[in-house]
Amino acid sequence: MAVSKVQKKKKAFSILGNVYAVIIYAILYIPVAVMMMFSFNDQRYNYYWNGFTTKWYGKLFENSALIGSLWYSLIIAVLATLISVLIGTIGALGLKRFEFKGRKFINNMLYIPIIVPEIVLAVALLIIFLNIGTALGMGTILIGHCTFCIPYAIVTIKGRISGDDNSLEEASMDLGANRIQTFIRVTLPSIMPGVMSAAFLSFTLSIDDVVMSNMLAGAKQSTLPVLILSMNKAGVTPDVNALTTIMILVIVAAMILNNIIKSALKKRQNKEVAI
Amino acid sequence: MSKKLDDNSDLKQIGKKRDVKRKTLPALAMAGPVSLWMILFVTIPMLFIIYISFMSRGVFGDVVYKFSGESYQTLMDATYFKVILKSLRVAVFTTVLCLLVGYPFAYYIARKPKETAAKLIMLIMIPFWTNSLMRLNSWLLVFQTNGPVNSFLQWTGMTDGPITFVYTDGLVVLGMITNMLPFAVLPMYSSIEKLNKSFLEASADLGANGATTFRKITLPLTFPGIFSSIILVFIPTLGIYTVSDMLGGGKVLYIGNIIKNQFGSIRNWPLGAALSVLLIVITMLLIFLYTRFASIEDMEVV
């Protein structure tokens with residue numbers, strides 16, 4: 001009797017848990033579903049639903065402001081990812097493997113862009129740029145994006161580096177490989193999953209960023225999120241919904257591919273260890 | 001290794017030279033770029049914004065480089081002080097709701113087998129790769145005057161006319177919570193997941209009921225995770241201006257909006273800098289509290 005009572009209670013709890021989880025996921029996914037739905041809305045501005053159409057998926061390519069800002073965002077995101085992953089990878093290794101004066105200071109500095117509200121760092125950079133007379137534009141946005149992507153990249157990659165154990169690297173160098181060969185053939189493969197996560201994270205952070213891009217943009221061209229922010233008052237048009245729907249599908253596909261490659265790398269590593 | 005050779009100064013010299021070649025150069029090459037980047041684009045700008053906050057505003061919106069506490073005094077003015085208090089209130093409210101909603105959810109995921117849990121976490125992340133402004137815009141569409149929520153409320157007869165949700169603080173808070181929830185769930189999930197189950201069993205064996213075990217064991221042991229969540233939700237919420245821009249229609253102003261305006265149309269850099277310093281101080285205070293009982297490196301930021 002007592003056992004069945006406990007079991008009943010447990011079962012009730014698990015049903016309650018499932019219902020709760022479904023509600024939370026619904027709240028997280030409703031905005032995405034609504035965004036996708038309104039990309040098929042047959043109306044000039046998205047105020048209410050006016051019937052189904054797929055025309056926006058063609059028309060979005062005629063919207064030169066939209067496509068222009070998309071390219072601008074993509075170029076910045078790709079460059080920010082490359083720079084952040086490059087500096088982040090060697091930086092993570094350097095900060096983990098070497099003792100030097102000021103290491104603790106740099107480690108603390110890395111947490112500032114992650115923790116302090118983005119607007120603070122954005123206006124701080126803006127003041128510096130305006131004071132030294134830098135023209136605002138792609139370069140300044142890129143610097144802003146890298147400044148928060150590098151810390152995230154380092155935190156992600158650092159977690160992958162195995163403590164102080166560099167016996168594999170030492171073995172490689174004892175066997176006659178130089179430092180660069182060792183880095184490419186021994187170190188890099190072992191931290192590759194972390195590097196890929198860092199790249200993915202940097203790209204998504206950069207492409208979705210509003211605050212830095214808004215504060216550090218020049219007058220001529222803005223990124224896609226800044227364009228959307230400026231459209232807000234007049235109403236966002238369905239072609240933007242169509243574009244962001246395509247983007248989320250591409251990102252999810254890339255993420256799945258990323259996971260497949262990661263698990264393949266893991267399998268290969270396991271095989272090599274077995275041999 | 002080199003300690004045994006200490007008495008031989010020649011060997012020591014050679015060792016030092018080798019150390020420079022073996023350690024200093026690679027350290028410089030690897031840690032150098034990131035250090036330089038952080039100093040140039042984090043340390044210097046942050047110090048400079050503190051400096052600017054103690055300057056004063058010229059007649060034409062320029063910065064007069066003379067020490068003054070003017071901007072900090074302005075913050076005490078009723079108009080600004082009200083905004084600061086309101087931002088703090090909204091940030092506290094958002095954080096508390098994120099914790100209350102997020103903790104049971106994190107607990108639910110943490111009790112699942114590892115593989116399932118990983119998938120459930122992935123399911124949380126996916127919506128966040130959608131453009132955040134477009135997700136906010138969706139709430140606007142759902143809650144607008146002739147939108148589905150209002151139609152439903154009128155259809156059920158709960159209200160006669162449409163309720164104005166759009167451009168209210170309530171909708172802004174909803175936007176904040178849905179944007180911040182993952183940052184609350186992930187750190188709490190990882191601390192609950194690390195929780196040693198045998199403690200819970202021991203507590204139950206010793207006669208504690210579920211509530212007592214939760215209060216005396218689970219809650220204290222997962223507190224670092226909870227505190228990480230507080231930091232990761234509270235601080236960004238305090239500074240964010242995009243949510244209030246998208247859902248508040250320019251009528252709802254928080255600290256972030258005020259800072260942004262000082263560097264745009266209003267042009268009062270020292271005041272914007274002083275508000276930024278306020279955010280920095282609040283951040284540092286919370287981080288200081290956090291480091292009293294947990295290492296900053298344990299903070300689950302990714």
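# Report on a predicted two-chain model

Ala171(A) counts as exposed because it has 12 C-beta neighbours inside 10 Å, and a residue is exposed if that number is 12 or fewer. The model in which this residue sits is predicted. Ala171(A) belongs to helix H7 of chain A, which covers residues 167-174. Its C-alpha atom is separated by 9.9 Å from that of Val186(A), a residue 15 positions away along the chain.

**Two residues and their surroundings**

In chain B, Arg267(B) lies in the loop that runs between helix H12 (255-262) and helix H13 (269-293). Most residues other than glycine have a negative phi. Arg267(B) is not a glycine, yet its phi is positive, at about 55°. Arg267(B) is classed as partly exposed because it has 16 C-beta neighbours inside 10 Å, and this class lies between the limit for exposed residues, 12 or fewer, and that for buried ones, 20 or more.

| Residue | C-beta neighbours inside 10 Å | Class |
|---|---|---|
| Ala171(A) | 12 neighbours | exposed |
| Arg267(B) | 16 neighbours | partly exposed |

**Helices of chain A**

Helix H10 of chain A, residues 224-231, is mostly covered, with six of its eight residues buried. Those buried residues are Leu224(A), Pro225(A), Val226(A), Leu227(A), Ile228(A) and Leu229(A).

Helix H3 (residues 64-97) and helix H8 (residues 179-208) of chain A form a crossing: their axes come within 8 Å, at an angle of roughly 145°. The crossing of H3(A) and H8(A) is right-handed. Which residues of the two helices meet? On the side of H3(A) they include Ser73(A), Ile76(A), Ala80(A), Ser84(A), Gly88(A) and Leu93(A). On the side of H8(A) they include Thr187(A), Val195(A), Ala199(A), Phe203(A) and Ile207(A). By class, this contact of H3(A) with H8(A) holds 10 nonpolar and eight polar residues, and no charged ones.

**Chain B and its domains**

Chain B has 302 residues, of which 38% count as buried. Its secondary structure consists of 13 helices and two strands. If one takes the contacts in chain B between residues at least 6 apart in sequence, 66% of them join residues at least 24 apart.

Chain B is divided into domain 1, residues 2-53, and domain 2, residues 71-298.

**Where the chains meet**

How many residues of chain B are in contact with chain A? There are 65 of them, and they touch 67 residues of chain A. Helix H1 of chain B, residues 9-53, gives the most to the chain B side, with 19 residues.

**Confidence**

The model scores ipTM 0.85 and pTM 0.85. For chain B the mean pLDDT is 83, and 90% of the residues reach 70 or more. Confidence in chain B is lowest in helix H8 (residues 197-205) of chain B, with a mean of 77. Confidence is highest in helix H3 (residues 78-110) of chain B, at 91.

Key:
Residues are numbered from 1 along each chain as its sequence is written. Chains are lettered from A and ligands numbered from 1 in the order in which they are written. This is a predicted model: local features need pLDDT of at least 70, side-chain atom pairs count only at pLDDT 80 or more; totals for chains, interfaces and linings use all residues. Helices (H or I, at least four residues) and strands (E, at least two) are DSSP runs, numbered from the N terminus. Domain bounds come from an automatic or database domain assignment. Two residues are in contact if their C-beta atoms, placed from the backbone, lie within 7 Å. Axes are lines fitted to C-alpha atoms, for helices over the stretch in contact, and angles run from 0 to 180 degrees between N-to-C directions. A crossing is left-handed if the near helix is turned anticlockwise from the far one by less than a right angle, and right-handed if clockwise. Ala, Val, Leu, Ile, Met, Phe, Trp, Tyr, Cys and Pro count as nonpolar, Asp, Glu, Lys and Arg as charged, and the others, Gly among them, as polar. pLDDT is the predictor's confidence in each residue, from 0 to 100.
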